[in-house]
Amino acid sequence: MTNTTYEQLGDLKRRSILGAIPAKWRLQNPIPQADELRDVTGAYIQQFLTPQEIEITETDAAGITEQTTSGSWTAVEVAEAFCHRAALAHQLVNCLHEVFFDAAIEDAKRLDAYFAEHKKPIGPLHGLPISLKDQFHVKGVETTMGYVGWIGTFQGKKDDPRRATFESELVKELRNLGAVLYCKTSVPATLMAGETVNNIISYTWNPKNRLLSSGGSSGGEGALIALKGSPGGFGTDIGGSIRIPAVFNGVFGIRPSSGRMPYEGAANSIDGQNMILSVVGPLATTARSLTLLFKTVLSQQPWYHDPLVLELPWRADVEERTRALIRKSADGSPSLAFAIMRHDGMVRPHPPIARAVEIVEQTLKRLGHKVTQNLKGQGVIEWKPPAHQIGIDIFGRVCVADGGADIAHHLGLSGEPKSLQCIVGEGIPHMSALEIAALNVEKRQYQKLYMDYWNSTAEITGTGRPVDGVICPCAPHAAVIPHKYAHVGYTAFVNLLDYTSVVFPVTQADKKVDVPEPKDDFLSEIDKIVHEQYDPEMYDGAPAGLQIVGRRLEEEKMLTLADYISQEVSLHSGISQN
């Protein structure tokens, strides 16, 4: 085995994933090529499922728990339905790294036995299947995080006894809540990429348009949930890794501020870097399901098990105050105010994303909300905070602080080429302690400038408060052409500021409507490159969503607002919220 190449090792692992899928769930006929059949959601995947499986898997997480906690559906029938659909999803778009369906069915049987004996659920997520990004450790299940060198090891360490029994804190809490864990989803090797590709499963495609990417780094989660192979799961986000896959696949996702969700015991890239912390957050098919997952994890009091989690339970009072503002606005009072950021000053969005911004803006105005106006009450003020270019420059330097040593080490375990991904830090010297300290000061100063700008909007909202949320793109494109992801500016600024952001679907690219206009006034060289990449025919059908950004630790408020806005948008866009 010492002479086995990384290609051979990756191929063995890839075949073992397929081999773990029961024969009865394997597709017998070749899948049509992407140029023949782009969209494999909806009717295409439904043809392989029974009516009962379709009913179960097309119910959102909140709806499923209503059935399983009341005994209307058994945990086993729900688990089997999602295992089947997840198996199909992987064969369609390469979205799974680990399959442990048998263990999931056994767990579901124990849940059913508990319900039969006690006539009550074990917890609020009783019988709910949950998928996990392949950073979370599950006992008896491998974690590769896309690295070939991690196959057969514990985070690259051979003969580490933790491999067989160790579980991440989030996993323990989900089990306590009654969730059924059944699969782990694909990620790009290194995690530091907006597309999901590695030398194990190859490329994870977008199920709504298989010519395009599912995003990254939680790309497998986004694709699986879009195919309804999971009602909800958990990813991580350091520069957009929850929000990019959520928006590319037309699902919901939240990037909370650091300290809300437990990260303890999860694998990571560049572990120990704490200038910008990676955070855990859920993805789901509906906003109310995000709230369910977020709220129930907090009910486990993770601050007693993860030293970095704040003792901050779900704040029902914040949720209710937000709903009260929504009701007040509906009565014609100026209670909520939103800002619109059409572009980030570096790259303008493609036509489908620009149209999504317009749809949301018009929806908010129709509902009677203030969309921040200038002092004379005329027109819409663009969200123009301290230059995002400054923030993205700081973000970029944080990512290369170790000179790429961590990533180079883990790729080197199997001899994987460093060109596999957009590897950060290649050829850059690592920073000294003094340089890191100076960078932290720059970050803090930028955060203060941004805070002051946000506070200043209280003068123009008409509500007596600063804007309640900023509506903006997550990326300049609806999904992305493979190997063309070039700009993380729309997501990474949120991570630098440690703000809260929730992604919601709005519409989808339409080649007949989203026609590019000739342009020669580019904001930057990257702006020109991204503009020239737009192809209405290729992007046709791709989801086009947005994010609502709130300030630090405003998860309850942003989840409530995202639910409200997305439901109102869906009434006029034709995009289903389940």
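I start with the annotation: an unreviewed UniProt entry lists Lys133, Ser217 and Ser241 under "active site". UniProt positions are in the numbering used here, feature names are shortened, and annotations may be inferred rather than shown by experiment. These residues are spread over 109 residues of sequence but cluster in space, with a largest C-alpha distance of 10.6 Å. Lys133, Ser217 and Ser241 are included in the lining of the largest cavity. A cavity here is a set of points, on a 1 Å grid over the protein atoms alone, where a 1.4 Å probe fits but cannot get out; lining residues have an atom within 4 Å of a point.

Before going on: this is a predicted model, in which local features need pLDDT of at least 70, side-chain atom pairs count only at pLDDT 80 or more, and totals for chains, interfaces and linings use all residues. Residues are numbered from 1 along each chain as its sequence is written, and side-chain values use heavy atoms, with hydrogens and water left out.

Next, Ser217. It is in the loop between β7 (209–213) and α9 (219–226). Helices (H or I, at least four residues) and strands (E, at least two) are DSSP runs numbered from the N terminus. Is Ser217 buried or exposed? Ser217 has a relative accessible area of 1%, so it is buried; the cut-off for buried is under 20% relative accessible area, with a 1.4 Å probe and protein chains only. Not counting residues up to four places away in sequence, Ser217 touches residues including Lys133, Ser186, Thr196 and Ser241. Contact means heavy atoms within 4.5 Å. The side chains of Ser217 and Lys133 are also joined by a polar contact of 2.6 Å. That term is a pair of N or O atoms within 3.5 Å; within protein, one must be able to donate a hydrogen and the other to accept it, and residues adjacent in sequence count only if both atoms are side-chain atoms.

Ser241 is in the loop between β8 (232–237) and α10 (243–249). Ser241 counts as buried because its relative accessibility is 6%. Leaving aside neighbours within four places in sequence, its contacts include Lys133, Gly216, Ser217 and Thr236.

Finally, the whole chain. It has 20 helices and 15 strands, and 59% of its 578 residues count as buried. Its C-alpha trace spans about 70 × 60 × 50 Å along the principal axes. Among contacts between residues at least 6 apart in sequence, 81% join residues at least 24 apart.

How values were computed
1 Å grid on protein atoms, 1.4 Å probe; cavity = no way out; pocket = protein on both sides within 12 Å on 5 of 7 lines; lining within 4 Å. Buried < 20%, exposed > 50% of the residue type's maximum accessible area, 1.4 Å probe, protein only.
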